Amino acid sequence: MKIFKETASDPNYIGAATLETGVTVFARADGTGDGTDGKRYYRVSREVATEPMPPDPIWLFEEYDPNPIPDSILIDVGWTTQADGPVILRDDDA
């Protein structure tokens, strides 16, 4: 196997994504990215409720809550140029 060492990298970017339009978006950790078409892109995610993590042993809590607040995670949906920043969609969004 031939292995090639990295000779340069740009610390401003954490990865790249190719969109269905053929544009490649060079992503930053803050949810923004630069497209090969010269446009600024913003990450679009959806908030999805998940089951809460099981509680730690009861003796670690001052008061045990039998109904903890449900956890949520973000699922990546795609990228948009039609926003002012990263977008999080919620179930109550139209």
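The chain is built from strands, with 0 helices and 6 strands assigned. Read from the N terminus, its elements follow the order β-β-β-β-β-β. Confidence in the prediction averages a pLDDT of 81 over the chain, and 73% of the residues reach 70 or more. Among the elements, strand S3, which spans residues 32-35, has the highest mean confidence, at 94. The lowest mean belongs to S5, at 87.

The chain has 94 residues, and 20% of them count as buried. Its accessible surface amounts to about 7,800 Å², with carbon and sulfur atoms contributing 53% of that area. Turning to contacts between residues at least 6 apart in sequence, 47% join residues that are at least 24 apart.

In soluble globular proteins, nonpolar side chains tend to be buried together. Here the largest nonpolar core has 6 residues, namely Leu19, Val23, Val25, Ala27, Tyr41 and Trp79. Once neighbours within four places in sequence are set aside, Val23 touches Ala17, Thr18, Gly35, Thr36, Asp37 and Tyr41.

Val48, Ile73 and Ile75 together make a nonpolar surface patch of about 210 Å². Ile73 lies in strand S5, which covers residues 71-80. This residue counts as partly exposed because its relative accessibility is 41%, a value that lies between the 20% and 50% limits of that class.

Charged side chains complete the picture. Side chains of opposite charge can pair when their charged atoms come close. The model contains 4 salt bridges, and Arg28, Asp34 and Arg40 are linked in a network of such pairs. Arg40, in contrast, is partly exposed because its relative accessibility is 40%.

A further salt bridge joins the side chains of Glu47 and Arg90, at 3.1 Å from N to O. This pair connects distant parts of the chain, as its members are 43 residues apart. Glu47 sits in strand S4, residues 40-50, while Arg90 belongs to the segment after strand S6, residues 87-89. Both partners fall in the partly exposed class: Glu47 has a relative accessible area of 25%, and Arg90 has one of 37%.

Key:
Residues are numbered from 1 along each chain as its sequence is written. This is a predicted model: local features need pLDDT of at least 70, side-chain atom pairs count only at pLDDT 80 or more; totals for chains, interfaces and linings use all residues. Side-chain values use heavy atoms; hydrogens and water are left out. Patches are made of residues with over 30% relative accessible area and no salt bridge: like charges are joined within 9 Å, nonpolar side chains (Val, Leu, Ile, Met, Phe, Trp, Tyr) within 5 Å. Accessible areas come from the Shrake-Rupley method with a 1.4 Å probe; for residues, only the protein chains shown count as cover. Helices (H or I, at least four residues) and strands (E, at least two) are DSSP runs, numbered from the N terminus. Buried means under 20% relative accessible area, exposed over 50%, partly exposed in between (1.4 Å probe, protein chains only). pLDDT is the predictor's confidence in each residue, from 0 to 100. A nonpolar core is a set of buried Ala, Val, Leu, Ile, Met, Phe, Trp, Tyr and Cys residues joined through side-chain atoms within 4.5 Å. Contact means heavy atoms within 4.5 Å.
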